[in-house]
Structures are given as structure tokens and as C-alpha cells.
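These are notes for a colleague who is opening this structure for the first time. Please keep the sequence and the model side by side while reading the numbered points.

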Amino acid sequence: MHFLDQAKIYLKSGAGGPGAVSFRREKYVEYGGPDGGNGGSGGDIVFEAVAGLNTLIDFRYTQHFKAPRGGHGMGRDRTGASAKPLVIEVPVGTQILSEDKEEVLADFTEVGQRIVLLEGGMGGRGNASYKTSTNRAPRQHQPGMPGEEMWVWLRLKLLADVGLVGLPNAGKSTFINAVSNAQAKVGDYAFTTLVPKLGVVRHKGREFVLADIPGLIEGAADGAGIGDRFLGHIERCRVLIHLIDITGTGEADPAEAMRIVEDELAAYGADLEDKPRLVALNKLDLADAELVEAFRKELLAAGADKVFAVSGVSGAGIEELLDAVLAYLPDRTATETKAAAVEEVDQEDGSAGEWSPL
């Protein structure tokens, strides 16, 4: 299945049905009178978040969505049928933005969440509703109200507890394959990951979702490389794992690699630069202990709080890194509850407490 995380679509709710002009003509009803019914309401445009979807690819082939109009009013005071709403199913994590992308109209974070984005038009009045003591045979009626229409953008932000960032070829795909059920493509060249990948990690009785995004290069915020468009998928993560190639990525030594990624996170905004980050020297199997310690000191001097040394190939150091990740997770993650994540709350002051695996 192809991954698509942005789509522009056109929406139009249904117009209301017109009211009817009708008069009673029964043989034994003296004088008769107006009996035109009202029109039915048009269909609403409804969005619903459903499970089992993780891409917006369906909206590449269908961009126009129009709800049905309401039924016409009829004689004998019969009201036209109201149209059924048009329900558009989207993946959990989808945001609906205005056409200029300046306003978030809806944000779907839970399965089953529904919102009526556009309401259908009201049905028009039939001539029976215009009857008065002085207007016994009205012939006027009201057309149905038109529906609403607009262009919107759909933007998908994958829901993950932990995000994986780093320069291209830092070993992120190998790492996520080692710790989760993901089957990311691995290759000895840059940008083997072209779209975000998700994997479920199980560690010490806990479960959480890990997201791997394509590698960042210097200038990604300005469009270099794949750019920063996929950084939106880690905006909701609680902690980021920054993998750094201990052998050096291109011309960048580990300290320079850390600076490049941190600068791109800050340039992107959305408070990514303020998220907790766990710095990990990857490809430990390709370096000796002396080199690891030298780079560890260099990264600590460059601003890292703590530096882990791991190997996605041999598995060395991964358990200690995952132990540190657990400290940033809520009491129960969405994967464990099959619903929204639940924060651990301190009984005394009501503040969220910090969970520790120890």
C-alpha cells in the first residue's frame, strides 16, 4: 500500500429539498385547501476516524465529495425525505486544515471520533405552511437552502509514542527492525527510508509505538533532501531517540551530526526542539571501546545529557536504551489500552507523575 500523508479534497453538503405547492381535491372535502409539504434536509458531510487505516492514499483517486440533497415536499402534507449524511473515513491522527493551511478545523486522535464538518441545507417550506386566516390559498413555496462547500487539506500525523531521528544512513531502519515488528528496508546508501515506518516495541511487559522517519540533512527545513515534511509525524511523540553513526556520516563527525539534526528540529518548530531526546551512538559493533568513550565525551560536551552506545546489528546496549524510553511513557500507552493513552496522576496534587520501570 502506498503511503500518502497529505491530500486536498473538495466537500459539498447536500441542498435542502424544495417545498411543494399542492391543494386538496377530494370529492367530499368542501373548499379543500393547501396541503403542500416541506422539503427534506440535505445530507451532512461527516468525518470519522477508523481503525485499520494508516494512509490517505484513497484521497488521491477521489477528491470530490458531495452529499445527496433532500427530497421534495409532496402533497397531502408529506415532508420530503432527509438525505443521509456522507461519512468520510480517515485514519486516526488525521487533521483537517483550511484551504490556506492556516487553521486546523478538526484533529482526530481516537478511533470512533466523529465531527460534522458541513451541515446540509434546510428543506424549503411548502405552501401549507403559508396558510393564514386571510391567505386561504397560498401558492408560494420556499426552495431548499443550498449546501455548504469548501476545499480542505487532509494531513496525517502518525500516532507514535517514540520517534526515531538522525542523519541518513545512521542505522535507523536496522534499529527499528531489531526492536520492533517493523520490516523497514535496509541498504548501504542514503535515504533507504522514503516514508515513515511504524513498529510496535515490546519491552519488559510494556508496549509502545516507535516511528522512523526519513533521514534529515542540513538544510532540510529549506527543502534539502526529502525535506522536513515528515517531521509532522513525530510531533505527538513523547520522546525522541537521536541515532548517530559512530563511524561518521559523510563528512559529519558525531558532534556535528547531533548539531545538524538539532538545528533542523528547531527550524521546523512545533516545539520539537523542546522534546526530550535520548542520544545514542549507533553501530557499536564497528568501533572499539576507546573510540566510543571519546565520542561519548565529545557529545556530552556538545550538550547531550546522556549518551547511549548501541548496535542495531548485535543488539548491544539496546536494553539500556529502551529502559530509558519507558521512563517517558504514560502509565498505559494507547497500544496497551487500545484507546487513548492514560497519564499516571499523583493523588495528592493532581499532577502527572513520572513513571519508572525500577
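Predicted model: local features only at pLDDT ≥ 70, side-chain atom pairs only at ≥ 80, totals over all residues.

1. Arg139 touches Val21 and Phe23, where touching, or contact, means heavy atoms within 4.5 Å, and where residues up to four places away in sequence are not counted. Arg139 is found in the loop between strand S9 (114-118) and strand S10 (149-156); helices (H or I, at least four residues) and strands (E, at least two) are DSSP runs, numbered from the N terminus. At 62% relative accessibility Arg139 counts as exposed, on a scale where buried means under 20% relative accessible area, exposed over 50% and partly exposed in between, with a 1.4 Å probe and protein chains only.

2. Residues are numbered from 1 along each chain as its sequence is written, and side-chain values use heavy atoms, with hydrogens and water left out.

3. As for the chain as a whole, it holds six helices and 16 strands, and 46% of its 358 residues count as buried. Among contacts between residues at least 6 apart in sequence, 72% join residues at least 24 apart. The protein chain exposes about 18200 Å², of which carbon and sulfur atoms supply 48%; such areas come from the Shrake-Rupley method with a 1.4 Å probe, and for residues only the protein chains shown count as cover.

4. The largest nonpolar core has 30 residues, and those that touch the most other members are Leu231, Ile234, Ile244, Leu265, Leu281 and Leu299; a nonpolar core is a set of buried Ala, Val, Leu, Ile, Met, Phe, Trp, Tyr and Cys residues joined through side-chain atoms within 4.5 Å. At least two residues of this core come from each of strand S13 (206-212), strand S14 (239-245), helix H3 (254-268), strand S15 (277-282), helix H4 (289-301) and strand S16 (307-309). The most is given by H3, with six residues. In soluble globular proteins, nonpolar side chains tend to be buried together.

5. Leu265 is in contact with Leu216, Leu231, Leu240, Leu272, Glu273 and Arg277, once its neighbours within four places in sequence are left aside. There is also a second, separate core of 23 residues, which includes Val201, Leu210, Leu322 and Leu326.

6. Which residues of helix H2 (residues 172-179) are buried? They are Lys172, Ser173, Phe175, Ile176 and Val179. These residues lie on the same side of H2 because they cover an arc of only 160° around the axis, the arc being that of the directions from the helix axis to the C-beta atoms. Their cover includes strand S11 (162-165), strand S12 (197-203), S13, S14 and helix H5 (318-326).

7. Ser173, found in helix H2, has a relative accessible area of 6% and is therefore buried. An unreviewed UniProt entry lists Ser173 and Thr193 under "binding site"; UniProt positions are given in the numbering used here, feature names are shortened, and annotations may be inferred rather than shown by experiment.

8. The loop between H2 and S12 holds Ser180 and also Pro196. Ser180 counts as buried at 14% relative accessibility, and its side chain reaches the backbone oxygen of Ile176 at 2.6 Å. With neighbours within four places in sequence left aside, Ser180 is in contact with Gly199, Val200 and Val201. Pro196 is buried, with a relative accessible area of 6%, and touches Phe3, Leu158, Asp212, Ile213, Pro214, Phe230 and His233, not counting residues up to four places away in sequence. Pro196 and Phe3 are 193 residues apart in sequence and 8.4 Å apart in space, C-alpha to C-alpha.

9. Two backbone angles may be worth a look. Lys204, in the loop between S12 and S13, has a phi near 50°, a positive value in a residue other than glycine. Lys283, in the loop between S15 and H4, likewise has a positive phi, near 65°.

Definitions and conventions. Polar contact = N/O pair within 3.5 Å; in protein donor to acceptor, adjacent residues only side chain to side chain.
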